[in-house]
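Biologist: Could you walk me through this structure, one feature at a time? I would like to learn how to read each feature as we go.

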Amino acid sequence: MDAKDAKDTKEREEPLRVGAAVRKRRRNLGLTLAAVSARSGLSVPFLSQIENERARPSMRSLQRVADALDTTAQRLLAASDAGRTVDLVRAGDDARSSGPDDGIRALVRGRHQLNALEFTGEQETGREFEHRNDELLYVADGSVEVEAEGRAYRLGPGDSLFLSGGVRHRWRATTPDTRILVVAVSEHIATTSDPHG
């Protein structure tokens with residue numbers, strides 16, 4: 001195995017390192033693992049394994065933990081690794097969640113100015129979102145229905161929808177072959193509007 005192959009293997013095997021961020025947030029809120037378990041519906045042993053980097057949560061499980069900790073999955077991911085400036089995520093990387101939570105893959109890891117997720121298959125979060133900063137939804141394949149600011153939009157392959165910060169919205173993929181890219185300015189970035197722009 002040459003150096004490039006060894007590096008590629010290391011990149012593929014690197015887990016989501018969110019344990020320290022989860023533990024720090026839980027302790028800052030003065031919560032026990034049992035309290036987070038009750039709020040998230042996840043078991044205490046699983047939460048302990050996440051905090052100790054022995055379990056890799058799916059994106060949906062991480063969102064459940066984030067909800068229990070009154071934050072977002074993106075903030076936990078951003079807090080987990082602030083030092084990266086270059087990070088390659090290959091198409092074949094096993095960054096997808098498994099089991100009933102599959103179909104969500106992080107395209108950007110760590111604390112950066114943007115977050116990017118790929119959603120595949122029929123996805124319906126059942127949640128309404130309102131982000132502090134701008135967000136872009138791009139439909140690579142399939143079909144998506146979006147409700148934003150009281151209007152409904154149906155997007156097909158190649159369509160994109162820009163949502164400025166503060167826009168309340170929800171979306172759902174409507175076909176099994178759907179692949180959506182969601183790119184957003186990170187919540188920790190304070191953006192300002194340029195009145196002359």
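This is a predicted model: local features need pLDDT of at least 70, side-chain atom pairs count only at pLDDT 80 or more; totals for chains, interfaces and linings use all residues.

Biologist: How many bridges join strand S5 to S6?

Modeller: First the general idea: two strands pair if DSSP finds at least two bridges between them. Helices (H or I, at least four residues) and strands (E, at least two) are DSSP runs, numbered from the N terminus. Here, S5 (residues 144-148) and S6 run antiparallel and are joined by five bridges.

Biologist: What is the strand order of the open sheet?

Modeller: Its four strands follow the order S3-S8-S5-S6, with antiparallel pairing. Strand S3 (129-130) and strand S6 (151-155) are the edge strands, each pairing on one side only.

Biologist: At what angle do the axes of helix H3 and helix H4 cross?

Modeller: Axes are lines fitted to C-alpha atoms, for helices over the stretch in contact, and angles run from 0 to 180 degrees between N-to-C directions. For H3 (residues 33-40) and H4 (residues 44-51), the axes cross at roughly 115° and come within 9 Å. So H3 is roughly perpendicular to H4; angles of 65 to 115 degrees count as such, under 35 as roughly parallel, over 145 as roughly antiparallel and the rest as oblique.

Biologist: Which residues of H3 and H4 meet?

Modeller: Contact means heavy atoms within 4.5 Å. Leu 33, Ala 34, Val 36, Ser 37 and Ser 40 of H3 meet Val 44, Leu 47, Ser 48 and Glu 51 of H4.

Biologist: Is Asp 70 buried or exposed?

Modeller: Buried means under 20% relative accessible area, exposed over 50%, and partly exposed in between (1.4 Å probe, protein chains only). Asp 70 is exposed, at 53%. Glu 149, in the loop between S5 and S6, is exposed at 58% and also has a positive phi, near 50°.

Note on methods: Residues are numbered from 1 along each chain as its sequence is written. Side-chain values use heavy atoms; hydrogens and water are left out.
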